[in-house]
Amino acid sequence: MAFASIFARVKGRRREPRVLRGVEANAASNNTKDDGATTTNTTTANTTAVPAAPAGAQQPDSVVAVDVERAEGGITRTSSGPPLDDHDGDFNTAGEGRDLKRGLLERHLSMLGIAGAIGTGFFLGLGYTVATAGPLGALLSYATVGLVVCAVQFALGEVAALLPVTGSFVRHAEFLVDPAWGFAIGWNLVYGNILSIPSEITAICVLFQYWTDINSSVWIITFIVLTLIVGLSLVQIFGEVEFFFAVLKILLVVFLIILGLVIDLGGIPGKPPVYFRYWSNPGPFVELIATGGWGKFLGYWSVMTGAVFSFAGVESIAMAGAETRNPRKAIPAACKNVFIRIILFYMMAILVVGMLVPSTDERLKGGGSETAESPFVIAAEAAGLPAIGSVVNAIVITSAWSASNQSLLAGTRVLYGLAVKKQAPQIFLRTTSWGVPYVCVLLFIAFSFLSFMTLSNDAITVFQWLVYLTSAGVLVSWISIVLNHIRLRTAMKMQGIPLTRLPWWNSWTIYSSWFALIMCIVILLTSGFPVFTTGGWRPDTFVSAYLDIPLVLAAYTIWKLYKKTKIVPLMDIPLHTAFERAEQKYQSLES
């Protein structure tokens, strides 16, 4: 009996709701409880009586209610919970609100927005960018992608504050664009995050080789277990763990930027100042394929995909919308903090790296261990500070693990959202009693054992090829986010809904979303352009750059034909229902 009780608790047994029927429902409408929820004036004639279900049958989420009322306009609501009409899962469903717990605070999301996705792509990828495009070319590339990211984040914040659902822009796409598009984007994100976890664990194994030759399987098992523990913990614990490691990453970035400036300005005894020496020789740009201005432009454009990879993950801060306390305030605040991250971290870091290390240094592109390739380590060793290498290595390891945790959170919540929409097996809706979708977590942990492939040198090469596939997936996600925003704003204009009804809005974001949409499409289509030049054909580069496009289009086409879905007409998007639902819920949260 004790074992059965524990198993039932872990399984997250669904609590049977009290559904009113017949005379009991009529009595409830005349004696509405005032428990802080928003209600409207109702009469007995408008009361909805729910028919009795067969004995032992489970009530669907759409009829879970206490004190059921029918409001004017046909929107069903309860005095002790949200409206019953979840629009086929486009809004928070009753099961979602019951089974998932709002445990993420504003400071958790804000820190995830600032430092959540800073990982190996940041600490180890900046050097490759400088070597390929030159210091000024790299700076301009990151600035360009940074503007795109800011536009994406503001678009995401405006939509997610209105519709804070688990799965975020995946379910927004179904509501605002086409259910088939949401299906394609959702599964694209699931597969991308499934690959991200073992790739980060692989990076951890390589980083540990900086200190020891212990077999990599030890570190693989250790970090898989740690990831499982965090993944199955209360979402509050996840938030605190990520908050701690985000603080570590921020402190490291600030330290490295200050250290870089000290080295550059001659603050190390016995070492002359560097200033902008390497901007003069070998020069601010690196030519690629061609010569002159065209070659410099191609060098700048060639690192766009690398810049996108470094920013990957910023879109995941709204994935756990149903687990965020007061998302109306928390999500916009986290999105606005992206400005801090871009200006302080990426732009300052790429500027410092470009001043400290010449683009001709072979260690930036390879030769030696992964950590030795870090431009910060190269600069510290040149300044006579070799101990910095171990400090950077330790923090980068925690950053890699933190990035894998964020991939786990984003991926499992997307999969849960797909199951809510019946686009994934319903077993993925099972949650623990403390509100974690444990079946989703176990699936992702199972795929993390792909890390053992890295015990083979050939497998490492193949696995790195798979890692670069995620950049194309990130661009597809960004395209979906800004498309959702454009459709929302256009539909609001057509339906006569003022912008002031949005929980958070800016008048200029419609223009920035169009800019981001065009830029993302162009970068996606040209990411593998070197393979189309004379002598530049490489099958692995072509596949890694473009495989994601047919995968997403195939998923979209298959689901569209199977379900016979259509692009939602702008006038048919039920925005009035969405706004009323949001206003009712936030009034309840604030009361």
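## Lys564

Lys564 is exposed, at 65% relative accessible area (exposed means over 50%, buried under 20%, partly exposed in between, with a 1.4 Å probe and protein chains only). Its phi is positive, about 55°, although Lys564 is not a glycine. Lys564 sits in the loop between helix H22 (548–563) and helix H23 (575–590). Helices here are DSSP runs of H or I with at least four residues, numbered from the N terminus.

This is a predicted model: local features need pLDDT of at least 70, side-chain atom pairs count only at pLDDT 80 or more, and totals for chains, interfaces and linings use all residues. Residues are numbered from 1 along each chain as its sequence is written, and side-chain values use heavy atoms, leaving out hydrogens and water.

## Backbone around H11

Most residues other than glycine have a negative phi, and most peptide bonds are trans. Tyr275 has a positive phi, near 55°. Tyr275 lies in the loop between helix H10 (235–264) and H11. With a relative accessible area of 44%, Tyr275 is partly exposed.

The peptide bond from Asn281 to Pro282 is cis, and its omega is near 20°. Pro282 belongs to the loop between helix H11 (277–280) and helix H12 (292–302).

## Packing of H6 and H12

Two packed helices are described by the angle between their axes and the distance between the axes. For helix H6 (residues 125–162) and H12, the angle is about 55° and the axes are 8 Å apart. Axes are lines fitted to C-alpha atoms over the stretch in contact, and angles run from 0 to 180 degrees between N-to-C directions.

H6 and H12 are therefore oblique to each other (under 35 degrees is roughly parallel, over 145 roughly antiparallel, 65 to 115 roughly perpendicular, the rest oblique). The crossing of H6 past H12 is right-handed: the near helix is turned clockwise from the far one by less than a right angle.

## Ile343 and Gly146

Ile343 lies in helix H15 (residues 338–356). Ile343 is exposed, with 55% relative accessible area. In sequence, Ile343 and Gly146 are 197 residues apart; in space, their C-alpha atoms are 8.5 Å apart.

## A nonpolar patch

Ile221, Val225, Leu226, Ile229 and Phe449 make a nonpolar surface patch of about 410 Å². Patch residues have over 30% relative accessible area and no salt bridge; nonpolar side chains are joined within 5 Å, like charges within 9 Å. A salt bridge puts a side-chain nitrogen of Lys or Arg within 4 Å of a carboxyl oxygen of Asp or Glu. Areas come from the Shrake-Rupley method with a 1.4 Å probe.

Phe449 is in the loop between helix H18 (438–448) and helix H19 (457–494). Phe449 counts as partly exposed, at 41% relative accessibility.

Conventions. Helices (H or I, at least four residues) and strands (E, at least two) are DSSP runs, numbered from the N terminus.
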